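Come along and keep the 3D view open while you read.

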Amino acid sequence: KEIIGLESSLIERARKEITSLDYITPYQVKEKLGISYSLAKKLLKYLEESGYVNLYSSSRRIKIYVASAK
């Protein structure tokens, strides 16, 4: 499933770079990959649906993810 703005190369890069972190926020993804905040949120949602990250905590303002055991 392809999301608008998410190329497979970006998804691969994200999987390699962020799955080693203790926790993952959209801001961290934005900074590490040099993408917009909204794209970082979409990317994390996609990675969650694909099973690469799990939602750890969520509030109205921010979602915090952790890498799954994959």
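These entries follow the helices, then the core, then a strand and the surface.

**Entry 1: before looking.** I noted that this is a predicted model.

**Entry 2: helix H1.** Which residues of H1 are buried? I looked them up and found Leu10, Ile11, Ala14 and Ile18. Seen down the axis of H1, these buried residues fall within an arc of 100°, so they line one face of the helix. I reminded myself that an α-helix has 3.6 residues a turn, so residues three or four places apart point the same way. On the other side of H1, I found Ser8, Ser9 and Lys16 exposed. I also checked what covers the buried residues of H1, and the cover includes H2 and H3.

**Entry 3: helix H2.** I moved on to H2, which spans residues 26-33 and has Pro26, Val29 and Leu33 as its buried residues. Looking down the axis of H2, I saw that its buried residues fall within an arc of 60°, so they too line one face of their helix. Their cover includes helix H1 (8-18), helix H3 (37-50) and strand S2 (63-67). After H2 comes Gly34, and I wrote down that its phi is positive, near 65°.

**Entry 4: the core.** How many residues does the largest nonpolar core have? I got 17, and those with the most contacts inside it are Val29, Ile35, Leu43 and Leu47. H1, H2 and H3 each supply at least two residues of this core. The largest share comes from H3, with 6 residues. I then picked Leu43 and listed its contacts, leaving out residues up to four places away in sequence: Leu6, Leu10, Ile11, Ala14, Val29, Leu33 and Ile35.

**Entry 5: the surface.** I ended with a nonpolar surface patch of about 280 Å², made by Tyr27, Tyr37 and Ile62. Ile62 sits in the loop between strand S1 (53-58) and S2. At 35% relative accessibility, Ile62 counts as partly exposed.

Note on methods
Residues are numbered from 1 along each chain as its sequence is written. This is a predicted model: local features need pLDDT of at least 70, side-chain atom pairs count only at pLDDT 80 or more; totals for chains, interfaces and linings use all residues. Side-chain values use heavy atoms; hydrogens and water are left out. Buried means under 20% relative accessible area, exposed over 50%, partly exposed in between (1.4 Å probe, protein chains only). Helices (H or I, at least four residues) and strands (E, at least two) are DSSP runs, numbered from the N terminus. The arc is that of the directions from the helix axis to the C-beta atoms. Contact means heavy atoms within 4.5 Å. Patches are made of residues with over 30% relative accessible area and no salt bridge: like charges are joined within 9 Å, nonpolar side chains (Val, Leu, Ile, Met, Phe, Trp, Tyr) within 5 Å. Accessible areas come from the Shrake-Rupley method with a 1.4 Å probe; for residues, only the protein chains shown count as cover. A salt bridge is a side-chain nitrogen of Lys or Arg within 4 Å of a carboxyl oxygen of Asp or Glu. A nonpolar core is a set of buried Ala, Val, Leu, Ile, Met, Phe, Trp, Tyr and Cys residues joined through side-chain atoms within 4.5 Å.
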